[in-house]
Amino acid sequence: MPADSPPGLAGETPERGAGRQQRRAAATQPSRAAVTSAVEVRRSARRSRTVSAYREGDRTIVLIPARMSEAEEQRWVGVMLDKLAAQESKRVIGDSDLSDRAERLAGQYLDGRARPASVRWVTNQNTRWGSCTPAEGSIRLSHRLQGMPEYVVDYVLLHELAHLLVPGHGPRFWRLLEAYPRTERARGYLEGVVAADRLPRLPAAREE
């Protein structure tokens with residue numbers, strides 16, 4: 001890991017990685033990661049060989065050598081977004097981390113008014129992403145969310161936190177979620193997952 005790289009980032013050396021990345025990246029289409037976060041490219045004269053990337057809130061920071069061309073920049077942004085997304089898909093947060101996350105979201109978007117007694121993952125919710133029991137103060141998130149982008153998990157958490165304050169889905173409920181800037185994007189992501197699940201499966205190729 002380069003000395004000037006923040007922790008928890010994806011890193012590559014263009015000269016070393018070009019052989020295995022070039023054919024795939026030369027015609028790179030915008031990745032799913034690219035449309036779920038703003039990207040800021042930072043050029044550094046200190047960097048002569050390495051490219052790295054990391055998340056900073058809702059943004060993705062990509063660090064590249066100052067000498068890199070515009071075409072190389074575009075190619076490596078796509079490569080690093082894919083690399084970060086692959087890393088994040090393997091990261092699963094536990095129940096205690098989920099509780100900490102809920103507390104942070106409640107403080108940031110609901111003025112700390114939503115205070116769940118428990119927040120945990122469950123494996124018995126296959127038709128909904130989350131559920132809440134206001135009388136008990138309990139929130140449960142479907143295990144199917146594990147591996148999805150963080151902003152999607154945050155949206156579902158915030159959705160259930162809002163139910164601690166407003167049980168139904170009326171105008172007052174949706175006003176609570178207006179403060180979260182990625183509500184519509186997260187809803188679109190989840191709708192896309194549901195739609196993909198409903199698509200017919202292609203038959204497996206027959207071996208000759």
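**Figure 1. Contact between helix 3 and helix 4 in the predicted model.** Leu98, Arg101, Ala102, Arg104, Leu105, Ala106 and Tyr109 of helix 3 meet Glu150, Val153, Asp154, Leu157, Leu158 and Leu161 of helix 4, where contact means heavy atoms within 4.5 Å. Helices (H or I, at least four residues) and strands (E, at least two) are DSSP runs, numbered from the N terminus. The residues of this contact divide into nine nonpolar, no polar and four charged; Ala, Val, Leu, Ile, Met, Phe, Trp, Tyr, Cys and Pro count as nonpolar, Asp, Glu, Lys and Arg as charged, and the others, Gly among them, as polar. Two packed helices are described by the angle between their axes and the distance between the axes. The axes of helix 3 (residues 95-109) and helix 4 (residues 150-163) come within 10 Å and cross at roughly 70°. That angle makes helix 3 roughly perpendicular to helix 4. Axes are lines fitted to C-alpha atoms, for helices over the stretch in contact, and angles run from 0 to 180 degrees between N-to-C directions. Angles under 35 degrees count as roughly parallel, over 145 as roughly antiparallel, 65 to 115 as roughly perpendicular and the rest as oblique.

The model is predicted: local features need pLDDT of at least 70, side-chain atom pairs count only at pLDDT 80 or more, and totals for chains, interfaces and linings use all residues. Residues are numbered from 1 along each chain as its sequence is written, and side-chain values use heavy atoms, with hydrogens and water left out.

**Figure 2. Helix 4 and its contact with helix 6.** Buried means under 20% relative accessible area, exposed over 50%, and partly exposed in between (1.4 Å probe, protein chains only). At 1.5 Å a residue, helix 4 should span 20 Å, and its end C-alpha atoms are 20 Å apart, which agrees; the expected span is 1.5 Å times one less than the number of residues. The axes of helix 4 and helix 6 (residues 183-198) come within 9 Å and cross at roughly 105°. Helix 4 is therefore roughly perpendicular to helix 6. From helix 4, Tyr151, Val152, Tyr155 and Val156 meet Thr183, Arg185, Ala186, Arg187, Tyr189 and Leu190 of helix 6. By class, this contact has seven nonpolar, one polar and two charged residues.

**Figure 3. Ile61 in strand 4 and Val51 in strand 3.** Ile61 lies within strand 4 (residues 59-65) and counts as buried, at 0% relative accessibility. Leaving aside neighbours within four places in sequence, Ile61 is in contact with Glu40, Arg42, Ser52, Ala53, Tyr54 and Glu56. Val39 is 22 residues from Ile61 along the chain, and the C-alpha atoms of the two are separated by 6.0 Å. Val51 belongs to strand 3 (residues 51-56) and is likewise buried, with a relative accessible area of 0%.

**Figure 4. Gly78 in helix 2.** Gly78 is found in helix 2 (residues 70-89). This glycine is buried, with a relative accessible area of 9%. Val62 is 16 residues apart from Gly78 along the chain, and their C-alpha atoms are separated by 10.0 Å.

**Figure 5. Asp111 and Gly112 in the loop between helix 3 and strand 5.** Asp111 is placed in the loop that runs between helix 3 and strand 5 (118-122). Most residues other than glycine have a negative phi. Asp111, although not a glycine, has a positive phi of about 55°. With a relative accessible area of 66%, Asp111 is exposed, whereas Gly112, at 24% relative accessibility, counts as partly exposed. Apart from neighbours within four places in sequence, Gly112 is in contact with Ala106 and Gly107. Gly112 and Ala102 are ten residues apart in sequence and 10.0 Å apart in space, C-alpha to C-alpha.

**Figure 6. The protein as a whole, for orientation.** The secondary structure comes to six helices and seven strands, in the pattern β-α-β-β-β-α-α-β-β-β-α-α-α along the sequence. Of the 208 residues, 41% count as buried. Among contacts with a separation of 6 or more, residues 24 or more positions apart account for 54%.
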